[in-house]
Amino acid sequence: MFTAAAAAQIAWTPIAAAAPKPAPAPPFADRYKSILARALTPSRFVHAALELARGAGFRAVDASDPHALGSLSPGDRVSFTYRGNTLALVVIGTDAARDGFRIVAAHIDAPHLRLEAAAIGRSGDAAVFRARAYGGIKRFHWLGRPLQLVGEAHIRGGRIVPIDLGPRDGAAFFATPLHGAQSLAAAAPQGLHGGGALVELIAASIPAQGRTADDPLRTRVLTLLYKKFQVDEEGLRSARLSFVPAEPPRDVGLDRALVGAHGQDDRACSAVTLLAMLDTPERPKHTRVAYFVDREEIGSTGTTGAAGRFLPWVTRAVLRGLGRPHGADAIRALLARSEALSADVQSAMNPLFPTVFDRRNAGRLGAGPVITKSSGGFGKAGGYEASAEMMSRTLRRLSGAKVPFQVSTFGRVDEGGGATIAAELAARGIDVLDIGAPVLSMHSPLEIAAYSDLTALAAAFQAFWLAD
Amino acid sequence: VPPGARLHARFRGKSLAIVRAGRLPPREGVHIYIFPIDAPHLALKARPAYSKEGFPLLDTRPHGAIDAPQWLSTPLALHAHVPRGERSIDLVIGEASSDPVLVIPDLLLHLAGRAQGRRVVSSEQLDPIFGAPSMHVHAEGASATESMLKLLGARGLDARDLVDGEWTLVPAAKPLLIGVDGGLLAAYGQSHRTLAFVAHSAFVSDSPTPTHTHVLFFLGHDRHRFRSDTGSFFVDKVLGRLLGNDPRAIARSTAIVASPTGGTLGRGVVLNASHEESAPETRRALLDLFARARVPFQIVEGNAPTSARHISSLGPLAIDLSIPVAGPGRPLEVTALFDLLSARRAFRALFAR
């Protein structure tokens, strides 16, 4: 179903037309990069998305409060959040949701290093922050690369203190050992993966002056954190703090056709879903939903993951707002009539490691959004398989809207695999299909996507939302 | 040359010697300092542009010992120097924050178990993509080289310039302070250049005329290959001019070679005690000087060959002096500010000799 001609139309400007100096980045690229630069964590994504949604006329509601929402009518725009880490933007259709929802769902978490509750330790001549992987990482990627600290601490009295510490404040963090020339890839205690192992990031290396009862280096770290954020060691125990790459998103390639950034799995699809939602002004026939979830990289569990209560609550609130029955059966019935695109990035052919890909069926960067009928590895284990009917409807809608796309598999059958939130959505009775931007270097601190795929993905979402 | 005079000599745009004349004439011996100033990087091969699986790529080979996996999935800048008779075309893409960068894409974790289980990546594989896979270009039959030259713009470059120019890829990263106290510095190329910078800035600052003449060499010779035109030839030539052919002058001279030989960050400058060239009398003299000037130092038994042996074969007793560097050969190498300040104190004391 891959249409090279259509992809070329959207993806490629003739190189001969390239200006002597690299052309200024197009507006889409700037908007996209600015969302990624702000959305360093799930809660920062929700925060940024809410701000943009408010500007586009979305009313903000807490999903856990059944009385927060008054009555709804077609055309109404509502944003639902829960615990600041999951979000649904809903636009009520003229069918008053009788045909179910049209949901585009993406996850807003990404692999990174998470600060431990016992945050500060000692290693050799330095005080270190103790961190562990969140999601699947290659350990050596995160050593020897500047990281910034971002998140929030919940301090005594229930106050939440946002924490940002990075190069702009004159401090980056590094997990490099202070001695030894050994390769970091070889030094990783558990080989390539080793994600579960503790990572120690240098927090301070100049001993504090004067006499202190405690370790002077630990004292220095705590003093500086207290001075800047009024957070003490007790506050760090109840914090959600992440170390993420300090490098901002960058254009990649002499043609600026690609974008490199951390967290594009899956904030590429999240940002595109958000932009597509904000850029679709039409009053829809169908009720459209942009659904953003946390915790996909660690199994979709918890209050803000795709397996949580949030989506049924949103459904209940919408039914109630429309003055319809909103009991458990009504919620199930509405979701069973719904369709969803599970928007997650897909592996793209890497020219340096071609042997792990199935050349005929691999996703290609720049060839349009990737549709995956079945995911998982080793006999589709842990994955999901979409229905032929959902495939057929979706491909027809995209072709009708002249959106380029490609149908691909994750990699060679026995080399590994991956899964998405599709199965979690299907467990609600929703008809689901996986679609997403192809990316290179997935799960690395610098993932690469093609702008042409991202704009085509936005067009695909709009086609899905607006189709009859 | 009057006492206190400052002189310099350049060679082939790559190497520099700066001299401070002492109160005593050079025949009483000079103090020589050797600073290599090249850094590990990726150099483009002569026919670098190729396409594979639709991607345009640049074929590279490493210059110096690099920690290959660390060059994956990290932003790289392209620097080119193309001679054009008396002039040259010089090109930098990726250093400004608004510039695009080049990246060598790593394999995703999900499919890496077998493919990278034994070795993550070979140095031969370290080829960045320089654009999106371009079906349009391939339909038109343009080669990867033509695409590259077109994307570089109307600078009048052609395929021959890829053969005879110097095309290098270095990390597109600014120096950063590390930790809440900024006690460490992460930057590209620190193995050699950091000490060269510290010594240079101490040397050019105001100070009383020293007893002996001091000569600092900053050498852009190929890494680990002192014997070259911009290395040994240049040093020999400058020393010949200063010392003539007087064996006594050479015998009275000393040399310090700035080669990293290990050590622990944050514990001061590093003296290498392992080589035959590290004669006990040289070591004693430096240890006495460091004690007087209160320079924090550490002694290591480094075993990698450095340029010290080559300098010694020119005559003067040579010893390796350095600061500890964590992660040599990685895109970002790390040093401790404490060691930089120790080195500054050491060089101030040395330059007063």
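In which hand does α2(A) pass α8(A)? The crossing is right-handed, meaning the near helix is turned clockwise from the far one by less than a right angle.

Ground rules, quickly. This is a predicted model, where local features need pLDDT of at least 70, side-chain atom pairs count only at pLDDT 80 or more, and totals for chains, interfaces and linings use all residues. Residues are numbered from 1 along each chain as its sequence is written, chains are lettered from A in the order in which they are written, and side-chain values use heavy atoms, without hydrogens and water.

Back to the helix pair. Helix α2 of chain A covers residues 27-38, and helix α8 of chain A covers 264-278. Their axes come within 10 Å and cross at roughly 125 degrees.

Who makes the contact, taken as heavy atoms within 4.5 Å? From α2(A): F28(A), R31(A), Y32(A), I35(A) and L36(A). From α8(A): Q264(A), R267(A), A268(A), A271(A), V272(A), L274(A) and L275(A). Nine are nonpolar, one is polar and two are charged.

Now the backbone. Most peptide bonds are trans. D265(A) and D266(A) are joined by a cis one, omega about 15 degrees. D266(A) sits in helix α8 of chain A.

Two non-glycine residues have positive phi. K402(A) is at about 60 degrees, in the loop between α11 and β17 of chain A. E53(B) is near 50 degrees, in the loop between β4 and β5 of chain B. K402(A) counts as exposed (over 50%) at 70% relative accessibility. E53(B) counts as buried (under 20%) at 15%.

Notes: Axes fitted to C-alpha atoms, helices over the stretch in contact; angles between N-to-C directions. Helix = DSSP H or I, 4+ residues; strand = E, 2+ residues; numbered from the N terminus. Contact = heavy atoms within 4.5 Å. Nonpolar A, V, L, I, M, F, W, Y, C, P; charged D, E, K, R; others polar. Buried < 20%, exposed > 50% of the residue type's maximum accessible area, 1.4 Å probe, protein only.
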